[in-house]
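Biologist: I have a model open on my screen and would like to go through some of its details with you. Could you take my questions as they come up?

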Amino acid sequence: MTTRNLIGVIAALLASNGRAFTPTITPYTPKSALNAITGHDRRSGWETYAPLFSDGKVGASGEIGCVGGGDWCHGENDDVSSALSTPGYVTAAVNVATALDGMGGQQATSSPPKNYGIGSWNKNSSSGTIASPTTPSAGESSKIRRPIVAGNWKLNPATKGEAITLLKLLAANFVNHRDGMSTTGAPEAVIFPPLPYITDAVQILEGSGIQVGAQNAGPNEKGAFTGECAPSMLASSGCSYVLLGHSERRTVFGETDEHINNVLHKCLDQPSLKIIFCVGETLHEYENGMLEHVVDTQIRKGLEGIDANTLLSDRVIIAYEPVWAIGTGLVATPDQAQAAHVAIRNSLANFYGTSEVAESVRIQYGGSVTPESIEQLMGEMDVDGALVGGASLNADSFTRIFDGAASADSKKASSN
């Protein structure tokens, strides 16, 4: 069904019901919108609420929610046309909405989702509201943020001896050649070695300007949790960062958004810890135009309960890692990386209701970053650094990536 046909159906429905439907602006609060309908019964005459998209792009297979007897129904890939014949649904199209007996909501398949709003219908007063395009949009950033280059060693190297050799080479490179590392504007450098090497890393890298982080953490502080590692243990061992939500933790070990969010809260309870929070889409999701939807969901669920001040104080850095580029040798083009980072900033602006958070948060690119690709990637205004995989296992390669990030940032600052 085309948008034009849908509008016609809506108009006919409104006319046949004989109800006046007056549009007004009702701002959307993303974190609580789905909960806003709890306890409302379409048969009782109470107002009911649901999130709407009002950017004029209604697809044939959106996500449709319904209200019936006070219940919330949610299903994916439902046909929009079914909403018009099912009591309890409302459909948004080009700022036009209709309510049949009560209220429900439909999320259009447009990418990226924009212009959230809350629509409501009061059965007793025969009045209602529809969503208006009032949600902040970050757009391309003009703010210069301090770059951060991080090396994720994953399950490498195989022995402590090899790790110590690599650490000493890194320390020598950064101490001898990284002038100005301690200055405020210089890029920040972090490495994430395997847990058994963290103590050695902290000791060997002291004074080099390279910080040390842990590749993951558990949600518990102490107790009978064999194999776990608490955030307090990492902080007291000298870690400055914790990496959370990496695609390998999500896909290989089954970590959910809810689990990641729980651990993120626990890590933030440690004042000395910062978080690099990873988001990104698979190849299948990318090819099907789902990038914006995937990162938006990961951000909303992963940052649930984290207030804006936490992000404004630089406690959370986001790493965008297209899963299809990790370890494959494929690298997103600078334009692709920039578009993804803008989508993340838009999600942050929508989630927190302000563009200030979106402008302030540092966002790294991660996905087979090399010394040859870093400058072009970092030349984009919304790319604030790199999360480096395999290249971080070579001291010279990691050093060259750091230098490339510093050079790109200098050019970016001078042109701003």
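Biologist: Where does Lys154 sit?
Modeller: In this model, which is a predicted one, Lys154 is placed in the loop between strand 9 and helix 3.

Biologist: And what is its phi like?
Modeller: Lys154 has a positive phi of about 55°, although Lys154 is not a glycine.

Biologist: What about Asp314, what is its phi?
Modeller: Asp314 is a residue other than glycine with a positive phi, near 70°, and Asp314 lies in the loop between helix 10 (308–312) and strand 14 (316–320).

Biologist: Changing topic to the rings: how many aromatic pairs are there?
Modeller: The structure holds 5 aromatic pairs. One of them is formed by Phe174 and Phe398, whose rings are 6.2 Å apart centre to centre with 35° between the planes, and this pair is tilted.

Biologist: Why does that pair tie together parts that are apart in sequence?
Modeller: Because Phe174 lies in helix 3 (residues 160–177) whereas Phe398 lies in helix 14 (residues 395–415), the pair ties together parts that are 224 residues apart in sequence.

Biologist: Which residues form a cluster with them?
Modeller: Phe402 does, so that Phe174, Phe398 and Phe402 form one aromatic cluster.

Biologist: Then Phe351 and Tyr352, what kind of pair is that?
Modeller: The ring centres of Phe351 and Tyr352 are 4.9 Å apart and the planes stand at 85°, so this pair is edge-to-face; the cut-off for that label is over 60 degrees. Phe351 and Tyr352 are both buried.

Biologist: Which residue has its charged end over the ring of Phe253?
Modeller: That is Arg249, whose charged end sits over the ring of Phe253 at 4.0 Å from the ring centre.

Biologist: On to the helices: how do helix 7 and helix 9 pack?
Modeller: Helix 7 (residues 257–268) and helix 9 (residues 291–302) pack at an angle of about 45°, and their axes are 8 Å apart. The two helices are therefore oblique to each other, and their crossing is right-handed.

Biologist: Which residues meet there?
Modeller: From helix 7 there are Asp257, Glu258, Asn261 and Leu264, and these meet Thr297, Gln298, Lys301 and Gly302 in helix 9.

Biologist: And how do helix 9 and helix 11 cross?
Modeller: The axes of helix 9 and helix 11 (residues 334–352) cross at roughly 45° and come within 9 Å, so helix 9 and helix 11 are oblique to each other. Helix 9 passes helix 11 in a right-handed crossing. Among the residues making the contact are Leu291, Val295 and Ile299 of helix 9, together with Ala340, Ile344 and Phe351 of helix 11.

Notes
Residues are numbered from 1 along each chain as its sequence is written. This is a predicted model: local features need pLDDT of at least 70, side-chain atom pairs count only at pLDDT 80 or more; totals for chains, interfaces and linings use all residues. Side-chain values use heavy atoms; hydrogens and water are left out. Rings of Phe, Tyr and Trp (its six-membered ring) pair if their centres lie within 6.5 Å; planes under 30 degrees apart count as stacked, over 60 as edge-to-face and the rest as tilted. Helices (H or I, at least four residues) and strands (E, at least two) are DSSP runs, numbered from the N terminus. Buried means under 20% relative accessible area, exposed over 50%, partly exposed in between (1.4 Å probe, protein chains only). A charge sits over a ring if NZ of Lys or CZ of Arg is within 6 Å of the ring centre and within 35 degrees of the ring normal. Axes are lines fitted to C-alpha atoms, for helices over the stretch in contact, and angles run from 0 to 180 degrees between N-to-C directions. Angles under 35 degrees count as roughly parallel, over 145 as roughly antiparallel, 65 to 115 as roughly perpendicular and the rest as oblique. A crossing is left-handed if the near helix is turned anticlockwise from the far one by less than a right angle, and right-handed if clockwise. Contact means heavy atoms within 4.5 Å.
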